[in-house]
Amino acid sequence: MGRLFREFQQLLILAKAQQQKAQQQQSLNNASHITNSDLFANPDRSNFPQSQQPSVTAMRSSRPAGHKPVSPPESNALYLEQTRQVSLQEIGGLRDVLAELHDLVAIPLKRPDLLARLGLEPTRGVLLVGPPGTGKTLTARALAGELGVNYIAIAGPEVVGKYYGEAEARLRQIFQKARTLAPCLVFIDEIDSLAPNRASVEGEVEKRVVAQLLSLMDGFAELNGVIVLAATNRPDHVDPALRRPGRFDREVNFRVPDRNARLEILRIQTRSMPLEPYVDLGTIADLAIGFVGADLKALCQKAAYNALHRFAPSLHTPIPNNLSISQQDFLTALQNVKPSVLRPVAIETPTVTWDAIGGLETIKYILQESVEGALLYPELYRQMKAISPRGILLWGPPGTGKTLLAKAVASQARANFVAVTGAELHSRWVGASEQAVRDLFTRARQAAPCVIFIDEIDTLFPMRGGTSESDSGVSARVVGQLLTEIDGVQSCDNVMIIAATNRPDMIDPALLRAGRLDLQLKVDLPDVTSRLEILRVHNRDRPLAADVNLVAWAVRTEGWNGAELALLCNQATLQAIRRYRMQGLTNPTGMCIIAADFEIAYQFLLERRFTNSSHLQTNTAQLANNPISGWQ
């Protein structure tokens with residue numbers, strides 16, 4: 001028993017020594033630098049005795065009774081985040097936003113006497129709204145550094161604690177410290193996670209935090225010099241009580257930068273990079289459609305790495321004196337870096353030109369006039385008060401080039417191209433399909449100009465009120481949501497919808513009225529002139545023998561669509577390769593496609609067309625004789 005007692009006593013001594021060592025280490029950390037933990041320290045649980053609390057400027061200090069807080073000098077601005085100070089000159093493409101923030105933040109913090117002279121109340125809070133990567137956090141940090149005021153950054157995980165009431169106590173300490181440090185800027189990043197909508201959350205902690213934040217923002221109304229900046233990319237998830245005057249008085253929108261803003265950001269990001277003289281940043285800005293500031297920064301870094309790999313392929317390669325970044329490095333980087341706004345959806349950058357589409361001259365002219373003009377020259381449409389088509393419906397037999405026309409529109413108009421499939425929109429959960437449609441159009445508006453292509457629209461948005469009720473009304477709700485997004489209350493400018501179908505009679509009639517899919521173009525089977533153009537396009541870069549007469553083949557392929565003509569050219573090419581291999585020839589320079597290769601490919605496709613037609617007629621006859629045989 002005595003031996004057991006001695007071992008237990010030694011264990012207690014060892015534990016006490018470890019505790020003292022940990023307390024000493026904590027003392028050194030707290031005395032060396034200021035962190036967020038100092039701000040949230042509780043005197044009752046602190047590792048220091050009350051008499052040994054670290055005395056730090058802008059933290060606790062002894063003051064006589066009746067002493068009023070005095071603002072520290074501008075040179076002693078407190079940054080609880082130990083980050084590199086950013087100036088407003090390093091932020092590009094936000095000229096209008098910075099001008100608005102100057103009136104909302106700079107004047108109340110630096111010249112409150114001007115507002116008092118006019119009888120105005122200072123701004124209490126500003127909500128920064130915009131997609132991720134548009135510079136909300138960077139702007140708040142740069143604004144505090146430019147004004148020389150104190151800056152307190154709040155993150156949700158640092159506020160929420162495991163004890164009951166701890167999160168509310170920490171919020172009270174933060175706002176009390178902000179009053180002491182006035183003029184002070186309090187920045188709450190991702191406020192939707194700290195103060196979500198109380199109607200949609202079930203936890204009591206979130207509701208108490210929201211209530212505490214509401215009372216704090218209304219509670220320091222008599223103390224000037226404190227402004228709360230909050231950032232979010234999901235404003236609809238923030239509690240509505242916060243989004244009213246007196247709390248967050250104004251909402252500043254950070255939009256996806258346009259062409260001029262992208263060019264300004266690129267110039268700032270490449271200011272210290274060794275660019276070759278012929279690098280054209282304007283061309284890069286034209287190609288970087290939908291890119292936000294973070295994407296453009298990643299683009300410049302990727303281009304720099306491409307140049308590094310080109311000049312120094314290994315770690316042991318010495319640094320060359322002529323190390324520079326070329327235009328090709330940026331073009332290669334554009335293939336790897338995509339817009340983060342459209343990352344959750346399938347984004348594609350088409351490279352289809354109008355010359356790659358044979359025939360269809362009338363339809364191509366209409367598309368160029370109505371679509372490209374509105375996307376490339378919007379100022380002309382605004383000057384003339386002209387309204388571009390909101391949506392275009394391409395209908396006609398399969399294989400006539402409807403999808404290819406939509407890609408050519410997006411490519412030539414320099415717009416983002418989003419292809420929509422049924423699997424991305426339909427879901428088994430109630431309301432998820434409508435939410436997917438809303439999210440699709442929200443991201444398209446953020447990445448405008450954008451072209452949304454909906455292939456086989458008759459399957460995604462069929463006619464409502466049909467006899468089939470197997471989907472429990474999901475299709476009807478999705479159609480209603482699409483109608484609301486196209487011409488609803490929210491603007492859908494610079495977003496073009498192109499739909500394709502070969503069964504226009506199955507589409508809901510409400511989609512076909514003016515203001516929605518108001519431009520309806522029939523893409524019919526090509527005539528002999530269009531077939532000749534298609535054959536020339538697909539054989540433009542192929543070695544044809546002198547005996548190949550494309551005019552004759554255009555006449556013989558009556559009733560063929562563009563996809564079948566493309567397949568005919570490809571099958572003839574494969575037949576030429578097969579013929580050369582059977583002859584034992586290996587030199588590809590003398591290879592060419594002869595008329596016999598086209599004849600073999602033509603007979604093969606003709607037989608397949610006849611077989612498919614026979615099967616279709618047989619299935620149609622069986623369904624006519626026994627319409628419910630498939631259910632037996």
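Axes are lines fitted to C-alpha atoms, for helices over the stretch in contact, and angles run from 0 to 180 degrees between N-to-C directions. The model is predicted: local features need pLDDT of at least 70, side-chain atom pairs count only at pLDDT 80 or more, and totals for chains, interfaces and linings use all residues. Residues are numbered from 1 along each chain as its sequence is written, and side-chain values use heavy atoms, with hydrogens and water left out.

**View 1. Helices H10 and H12.** Helices (H or I, at least four residues) and strands (E, at least two) are DSSP runs numbered from the N terminus. H10 (residues 259–269) and H12 (residues 293–311) have axes that come within 10 Å and cross at roughly 45°. H10 and H12 are therefore oblique to each other; angles under 35 degrees count as roughly parallel, over 145 as roughly antiparallel, 65 to 115 as roughly perpendicular and the rest as oblique. This crossing of H10 and H12 is right-handed, a term for the near helix being turned clockwise from the far one by less than a right angle. On the H10 side the contact (heavy atoms within 4.5 Å) is made by Arg-262, Ile-265, Leu-266 and Gln-269, and on the H12 side by Gly-293, Leu-296, Lys-297 and Cys-300. Sorted by class, it has four nonpolar, two polar and two charged residues. Here Ala, Val, Leu, Ile, Met, Phe, Trp, Tyr, Cys and Pro count as nonpolar, Asp, Glu, Lys and Arg as charged, and the others, Gly among them, as polar.

**View 2. Helices H18 and H20.** The axes of H18 (residues 432–446) and H20 (residues 474–487) cross at roughly 20° and come within 8 Å. That makes H18 roughly parallel to H20. The crossing of H18 and H20 is right-handed. From H18, Ser-433, Glu-434, Val-437, Arg-438, Phe-441 and Arg-445 meet Val-474, Arg-477, Val-478, Gln-481, Leu-482, Glu-485 and Ile-486 of H20. This contact of H18 with H20 has six nonpolar, five charged and two polar residues.

**View 3. The largest nonpolar core and the surroundings of Phe-461.** A nonpolar core is a set of buried Ala, Val, Leu, Ile, Met, Phe, Trp, Tyr and Cys residues joined through side-chain atoms within 4.5 Å. Buried means under 20% relative accessible area, exposed over 50%, and partly exposed in between (1.4 Å probe, protein chains only). The largest such core has 33 residues, and Leu-425, Ile-452, Ile-454, Ile-457, Phe-461 and Leu-511 have the most contacts inside it. At least two residues of this core come from each of E8 (416–420), H18, E9 (450–455), H19 (457–460), H20 and E10 (495–501). H20 gives the most, with six residues. Leaving out residues up to four places away in sequence, Phe-461 touches Leu-425, Ile-454, Val-478, Val-479, Leu-482, Ile-507, Asp-508 and Leu-511. Another core, of 30 residues, lies apart from it and includes Val-186, Leu-194, Leu-214 and Val-238.

View 4. The peptide bond from Ala-182 to Pro-183 is cis, with omega near 5°. Pro-183 lies in the loop between H7 (166–180) and E3 (184–189). Glu-190 is placed in the loop between E3 and H8 (191–194). Its phi is near 50°, a positive value in a residue other than glycine. Glu-190 counts as partly exposed, at 35% relative accessibility.

**View 5. The loop at Glu-456.** Glu-456 lies in the loop between E9 and H19. Phi of Glu-456 is positive, near 55°, in a residue other than glycine. At 32% relative accessibility, Glu-456 counts as partly exposed.
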